[in-house]
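I opened a new notebook page for this structure. My entries follow in the order in which I looked things up.

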Amino acid sequence: MSTSRILIVGAGFSGAVAARELAAIQDRKILVIDEREHMGGNCHTKRDPTSGIMLHRYGPHIFHTSREDVWAYVNRFAEFGPFINRVKARIKRGVFSLPINLGTINQFFGRNFSSEEARAFIGTLGDSRIDEPRNFEEYALKFVGRELYETFFYGYTQKQWGCEPRELPTSVIKRLPIRFTEDDNYYSDRFQGIPREGYTALIKRVLDHPDIEVKLGTAWQAGMAGEFEHVIFTGPLDQYYGHHLGRLGYRTVFWERSDHLGDYQGHALMNYPEVGIPFIRKIEHKHFAPWEEHEKTVVYTEFSKESGAADIPFYPKSLGPDKILQARYLEQARSETKVSFLGRLATYRYLDMHQVISEALDFTPRLAEAIRRGQPRPVLPAL
Ligand SMILES: Cc1cc2nc3c(=O)[nH]c(=O)nc-3n(C[C@H](O)[C@H](O)[C@H](O)COP(=O)(O)OP(=O)(O)OC[C@H]3O[C@@H](n4cnc5c(N)ncnc54)[C@H](O)[C@@H]3O)c2cc1C
């Protein structure tokens with residue numbers, strides 16, 4: 001292996017976009033390795049051989065962004081089908097629309113409010129004694145009141161995070177809007193869709209460049225660095241350092257698959273927020289491709305648990321002790337000269353696809369310039 005090569009660890013969106021951008025602006029050869037046998041990281045999709053349905057193998061992925069350049073970028077590599085994420089919640093009383101919107105409020109309280117009436121009504125439910133909410137629970141109690149909180153947020157959050165919502169920061173609930181219109185689009189971004197042939201085909205095209213070589217089934221080993229001019233690491237930050245300070249906390253999810261004929265729930269994502277139900281949601285994959293027709297249907301019932309050493313780390317917990325540990329690992333990462341850390345795992349943050357693409361697009365030209373000039377590598381702002 002020549003020293004004028006760059007090694008990228010991870011063939012998810014972060015690694016793929018970084019590889020493509022470096023290949024476009026550098027006369028260096030790029031090697032991308034991934035320990036898995038496929039490209040795409042957690043966005044990996046694969047057609048199911050029995051039903052023909054495109055399965056999102058590591059959980060449902062809906063692409064959304066407000067950045068025009070990011071939307072144009074992904075559309076260079078795939079044709080996107082139109083998809084609006086409309087999430088439902090099934091409770092004993094029926095099926096309700098999330099995020100909480102005017103329709104949810106009227107259905108739940110059996111009313112016929114206008115937008116402004118609903119806003120005023122919800123205002124009366126909030127706990128006015130809470131001045132500055134200090135955690136998820138206080139935020140919910142202050143802004144939607146106890147009944148909506150306990151119905152739609154409490155159980156789901158407890159099951160997903162394995163802790164009491166009052167132990168979580170307000171940032172977790174702030175991601176979920178409350179709307180006083182009939183808008184039931186889960187996201188507020190300008191662009192939204194799903195690649196018609198799946199994310200893996202898209203990422204394969206991103207990596208299809210004469211200066212990029214991809215080796216799957218190849219795990220990173222510390223000794224590899226010496227053979228390369230620079231390494232971009234997109235795997236877990238604590239794993240890079242051999243967990244020598246301890247393990248960063250993650251939640252993982254796993255699924256039980258069931259196969260049916262026809263339609264199962266008439267919808268892609270059905271949340272189950274009630275406490276007595278052990279799973280958190282049911283995912284009916286064929287509804288992510290409404291432009292396709294399938295006789296059969298495949299449902300994944302999703303469970304959440306603490307991530308162990310052998311599990312795939314999905315959601316960073318980012319509780320107090322994790323934050324301290326993250327800061328200590330990041331301090332080490334900042335002092336590296338030959339390694340850059342990119343993506344959700346390597347920076348220990350929950351990031352959507354458009355965010356990791358944005359960061360890779362913004363970071364890579366600066367890195368290329370630094371390598372070209374033989375200067376110290378730039379540091380990702382998040383570090
Ligand atoms: C359940 C779930 C649902 C999601 N839904 C959405 C959604 O609807 N919309 C959205 O925008 N985002 C969604 N996301 C976020 C999305 O998955 C991430 O933004 C994206 O996967 C981040 O890409 P990445 O390349 O940084 O990381 P990853 O996709 O995790 O890729 C990292 C790659 O590195 C490889 N790797 C790790 N360690 C090593 C090693 N030691 N050696 C070799 N290879 C290694 C891994 O195998 C993996 O392929 C969701 C995330 C989860 C968990």
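Predicted model: local features only at pLDDT ≥ 70, side-chain atom pairs only at ≥ 80, totals over all residues.

Residues are numbered from 1 along each chain as its sequence is written, and side-chain values use heavy atoms, with hydrogens and water left out.

**Entry: the ligand**

An N or O atom in the side chain of Ser-14 sits 2.7 Å from a ligand oxygen atom. Asn-42 uses a backbone N or O atom, 2.9 Å from an oxygen atom of the ligand. At Pro-60, a polar backbone atom is 2.9 Å from a nitrogen atom of the ligand. The ligand has 1,000 Å² of accessible area on its own, and the protein covers 97% of that (Shrake-Rupley method, 1.4 Å probe; for residues, only the protein chains shown count as cover).

Next I asked which residues come nearest to the ligand. They are Ser-14, Asp-34, His-61, Ile-62 and Leu-351, out of 34 residues around the ligand; a residue is near if one of its heavy atoms lies within 4 Å. I sorted the shell by type and found 17 nonpolar, 12 polar and 5 charged residues. Here Ala, Val, Leu, Ile, Met, Phe, Trp, Tyr, Cys and Pro count as nonpolar, Asp, Glu, Lys and Arg as charged, and the others, Gly among them, as polar.

I also looked up helices around the ligand. Helix H1 (13–25), helix H11 (344–347) and helix H12 (353–373) each give the shell at least two residues. Helices (H or I, at least four residues) and strands (E, at least two) are DSSP runs, numbered from the N terminus.

**Entry: the parallel sheet**

I traced an open sheet of 5 strands with parallel pairing, in the order E10-E2-E1-E11-E17. Two strands pair if DSSP finds at least two bridges between them. Strand E10 (212–216) and strand E17 (339–341) are at the edges with a single partner strand each, so one side of each has no neighbour in the sheet. From one strand to the next, the twist averages 20°. Inside the sheet, 4 bridges link strand E1 (residues 5–9) to strand E11 (residues 230–233) in the parallel sense. Ile-8 has Ile-232 in E11 as its bridge partner.

**Entry: antiparallel pairs**

I found an open sheet of 3 strands, antiparallel, in the order E5-E9-E6. Strand E5 (63–65) and strand E6 (80–81) are the edge strands, each pairing on one side only. E6 and strand E9 (residues 191–195) run antiparallel and are joined by 2 bridges. Opposite Phe-80 stands Pro-195 in E9. Helix H2 (residues 68–77) lies across E5, E6 and E9, at about 150° to E5. Such angles run from 0 to 180 degrees between N-to-C directions, with axes as lines fitted to C-alpha atoms, for helices over the stretch in contact (heavy atoms within 4.5 Å).

I then checked E12. With strand E15 (residues 296–306), E12 pairs in the antiparallel sense over 11 bridges.

**Entry: loops**

Which residues does Glu-274 contact beyond its neighbours within four places in sequence? I listed Ile-91, Lys-92 and Lys-159. Glu-274 lies in the loop between strand E13 (269–271) and strand E14 (281–284).

Leu-98 and Pro-99 are joined by a cis peptide bond, with omega about -5°. I placed Pro-99 in the loop between strand E8 (94–98) and helix H3 (102–109).

Technical notes
Polar contact = N/O pair within 3.5 Å; in protein donor to acceptor, adjacent residues only side chain to side chain.
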